[in-house]
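Opening my notebook for this one. I'll jot down what I look up as I go.

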Amino acid sequence: MTDTTATPRRLPNRLDSPFKATVLSWESLLVLVAIAIFILNSLASPYFLNEWSLSDMTFNFTEKALIALAMALLIISGEIDLSVAAIIALASTLMGWALQFGADTPALVAIGIGTGILCGAFNGFLVTGLKLPSIVVTIGTMSLFRGISFIILGDQSFKGYPASFSWFGQGYVYWVISFELVLFLVCAAVYFVLLQRTNFGRRVYAIGNNDVAAEFSGVRVARTKFILFCLTGLMSGMAAVLLTARLGSTRPSIAEGWELEAITMVVLGGVSILGGAGSIVGVVLAALIMGLVTFGLGLLNVPGIVMSIFIGALLIMVIALPILFRMWRQRSSVRSA
Amino acid sequence: MKALTKHREIWLGLAILLLLVIVTARFPRFAQPQNLLTIFNDTSILMMLALGQMVVILTRSIDLSMAANLALTGMIVAMTNAAFPGAPIPLLMAMCVVIGAGLGAFNGVLVWKLSIPPIVVTLGTLTIYRGLVFVISNGAWVNAAQMSPDFINLQRMVFLGLPLLSWFAIVVALLFWLMMTRTPLGRSFYAIGVNPTASVYTGIDVGRTKFMAFTIAGAMAGLCGYLWVSRYVIASTEVASGYELTIIAACVIGGVSIAGGIGTVTGVLLGALFLGVINNALPVINISPFWQMAISGSAILLAVVLNARGEQRKGRIILKKAEAV
């Protein structure tokens, strides 16, 4: 992306025992952080440890995390998509528009997801077909997609979604388990298998580590990246369906700033922003941590914008601390020798 | 190679002229000198910010935190002015530049000393700085009644027929032009963008140069913090929200390559003017301002496509020359 020369990539050390590798992994650090925040939350607010509170907590991250799953693959492959929140806005707007012509629930869902895939394919075509840098392309399409929403809606909003549609964002499958949570868990499992257990997943890593070498070893780099952009669009379309159903209304400013939160989840989850490394487990844990932090602070009446300070600081700290630790260890080892 | 970059600036200039001609054809008053000066004045802040961003992008980095930096510095200076109405404005402006540079330097240190990718650093500081605006102001606004008349009127003072705001942009543009073409620092921004490894061998400290780029961008954001707040006579948490992308758009339209190493002061100024003309023309030709976002999005995409063409062609020409030698 913008900087590919700064740090050499750390290669996995095969001499470490699997047990030691698991204990020292990024994912186990995230588990510890999640547990710590969970305990802090329970101590800080008496309203936290309650099955309905915890169920509400999941709504804080499921929609963004759906996008983060696909974004993780995209970033591992060395690309990025900043237009995901704008895709949500456009998909939601087109759903609301179709509603004015009497579209029923299946049609609405199809329009939302279809818009997402088309937008993703458009990004993918510009990046892989015309060989343009993804960061600028998606900054452009971000303005374009949300701009179309503004043209259609102006300062108006679409309301009046049918109850059967609202179920996607507000319904519960069983007891306190929401449809959104179930959908997220299913998608997380699918993406885990896709990235870590299929040839396609191996190709994504290969492209991220060295796309020229991948091309020469027979990986269709452009096609794989195109598919990843479409997947990111698809997940944004799904998030648009869930979010629109949950809010029950569409404004052009819907989901503003979500692209940054989705990327924060991915980076927090241990995916290298330079591409080539990362896991779905990490991203899911990072999503959970962000949900816990924002919900816990919300229970303490901390305004959303102040929470964003914590999220921003968390993002920089989780990246900086391991680097600082490594520098400190190197320095002390030099001194002892 | 130089002829080609000049070439694209000429094309961009022509595109702006064409835009002016089309709008003027329907509304003759649009091209009156007074209105053109207004457009320039309206675009001044974007020009200065885009010049700061250009330096960062040249070094293969990106600064997403500029708008948040602007909002935070703007809030600090507005609150200072509200608390001490007597404080001299030049002092306040110097304070803005220093605070902005400090916030930029924080980005720079993280990129330099910890080698964290710039996009991650500035994504983080974007939310932190924006959040801090809310924290220091408690979510309240600083409005016209709380600001001193000098604070508001300084940039509106007319000097040689132009408001001071325009003069700021002109002076800043000249300083950037001098820096980029006449100083070792300016050349090293290009050098590490074109080839960081080769730059190290020629004795350039890549990390430190990036740090300088972020500090300069921060200083611009800080200066514009004051100018923005006194221009729109409001300081709030929402100031310049989402503007970071407009700044990058001005750079990209102006021909700055996101891959680093390519970009000129003239190009960036024209890129900013292009957006400025569009924004001013829309209400005149009676297009809803809601079209603005989609149009600037399309302009960015068109610009990247054209940039990519230009860069590819340039590569071939260099090779041919090399073969000839």
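Entry 1. I started with helix 14 of chain A, residues 280-299, in what is a predicted model. I counted 20 residues and got 29 Å from the first C-alpha to the last, close to the 28 Å expected at 1.5 Å a residue. Is this helix mostly covered or mostly exposed? Mostly covered: I find 17 of the 20 residues of helix 14 of chain A buried. Just after this helix I noticed N301(A), which takes a positive phi of about 65°.

Entry 2. Next I checked where the chains touch. I get 45 residues of chain A in contact with 44 residues of chain B. On the chain A side, the elements giving two or more residues are helix 7 (134-153), helix 13 (258-268) and helix 15 (304-336). Which of them gives the largest share? Helix 7 of chain A does, with 14 residues. Sorting that side of chain A by type, I have 31 nonpolar residues, 11 polar and 3 charged.

Entry 3. Then I went over to chain B for a helix pair. The axes of helix 3 (residues 66-83) and helix 10 (residues 206-232) of chain B come within 7 Å and cross at roughly 50°. That angle is why I call helix 3 of chain B oblique to helix 10 of chain B. I noted the crossing as right-handed. Among the residues making the contact are G74(B) and V77(B) from helix 3 of chain B, and G218(B), G222(B) and W228(B) from helix 10 of chain B. The residues of this contact divide into 10 nonpolar and 6 polar, with no charged ones.

Note on methods: Residues are numbered from 1 along each chain as its sequence is written. Chains are lettered from A and ligands numbered from 1 in the order in which they are written. This is a predicted model: local features need pLDDT of at least 70, side-chain atom pairs count only at pLDDT 80 or more; totals for chains, interfaces and linings use all residues. Axes are lines fitted to C-alpha atoms, for helices over the stretch in contact, and angles run from 0 to 180 degrees between N-to-C directions. Helices (H or I, at least four residues) and strands (E, at least two) are DSSP runs, numbered from the N terminus. Angles under 35 degrees count as roughly parallel, over 145 as roughly antiparallel, 65 to 115 as roughly perpendicular and the rest as oblique. A crossing is left-handed if the near helix is turned anticlockwise from the far one by less than a right angle, and right-handed if clockwise. Two residues are in contact if their C-beta atoms, placed from the backbone, lie within 7 Å. Ala, Val, Leu, Ile, Met, Phe, Trp, Tyr, Cys and Pro count as nonpolar, Asp, Glu, Lys and Arg as charged, and the others, Gly among them, as polar. The expected span of a helix is 1.5 Å times one less than its number of residues. A residue is buried if 20 or more other C-beta atoms lie within 10 Å of its own, exposed if 12 or fewer, and partly exposed in between; C-beta atoms are placed from the backbone.
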